[in-house]
Amino acid sequence: PTRFALHGNYPNPFNPSTTIHFELANAGQVVLAVYDVLGQQVAELVNGVQSAGVYEVQWDGRDTDGQVAASGVYLYRVTFDGQQSQSRVMTLLK
């Protein structure tokens, strides 16, 4: 990859799981988290140093406590080295 990029999830809307794609041009600290529409963090899918490359991360619609999240609109955000971030919207339907 030549840039930092967050791509749309597939499928969207989804039930019971979706796949999130992102690219890193350089190695660095990556945080990928899911938030509800109120801005509260629902799940943290990635938190660690990642090498440059293309990544796919699956979210099974569960929160950090393992509970199934409610149907609705969620945002997911990937942050690279605490400086760059991108967000997208997804919909969980039951």
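**View 1. A nonpolar patch on the surface.** Val37, Leu38, Val73, Leu75 and Val89 form this nonpolar surface patch, with about 460 Å² of accessible area together. This is a predicted model: local features need pLDDT of at least 70, side-chain atom pairs count only at pLDDT 80 or more, and totals for chains, interfaces and linings use all residues. Residues are numbered from 1 along each chain as its sequence is written, and side-chain values use heavy atoms, with hydrogens and water left out. Like charges are joined within 9 Å, nonpolar side chains (Val, Leu, Ile, Met, Phe, Trp, Tyr) within 5 Å. Areas come from the Shrake-Rupley method with a 1.4 Å probe; for residues, only the protein chains shown count as cover.

**View 2. Valine 73 in its strand.** Valine 73 sits in strand β6, residues 72-80. Strands are DSSP runs (E, at least two residues), numbered from the N terminus. Valine 73 counts as partly exposed because its relative accessibility is 39%; buried means under 20%, exposed over 50%, and partly exposed lies in between.

**View 3. An aromatic cluster.** Phe14, Trp59 and Tyr74 form one aromatic cluster. Rings of Phe, Tyr and Trp (its six-membered ring) pair if their centres lie within 6.5 Å. The count comes to four aromatic pairs.

View 4. The protein has seven strands and zero helices. Buried residues make up 38% of its 94 residues. The C-alpha trace spans about 35 × 20 × 20 Å along its principal axes.

Notes
Patch = residues over 30% accessible without salt bridge, like charges linked within 9 Å, V, L, I, M, F, W, Y side chains within 5 Å. Salt bridge = Lys/Arg side-chain N within 4 Å of Asp/Glu carboxyl O. Helix = DSSP H or I, 4+ residues; strand = E, 2+ residues; numbered from the N terminus. Buried < 20%, exposed > 50% of the residue type's maximum accessible area, 1.4 Å probe, protein only. Phe/Tyr/Trp six-rings, centres within 6.5 Å; stacked < 30°, edge-to-face > 60°.
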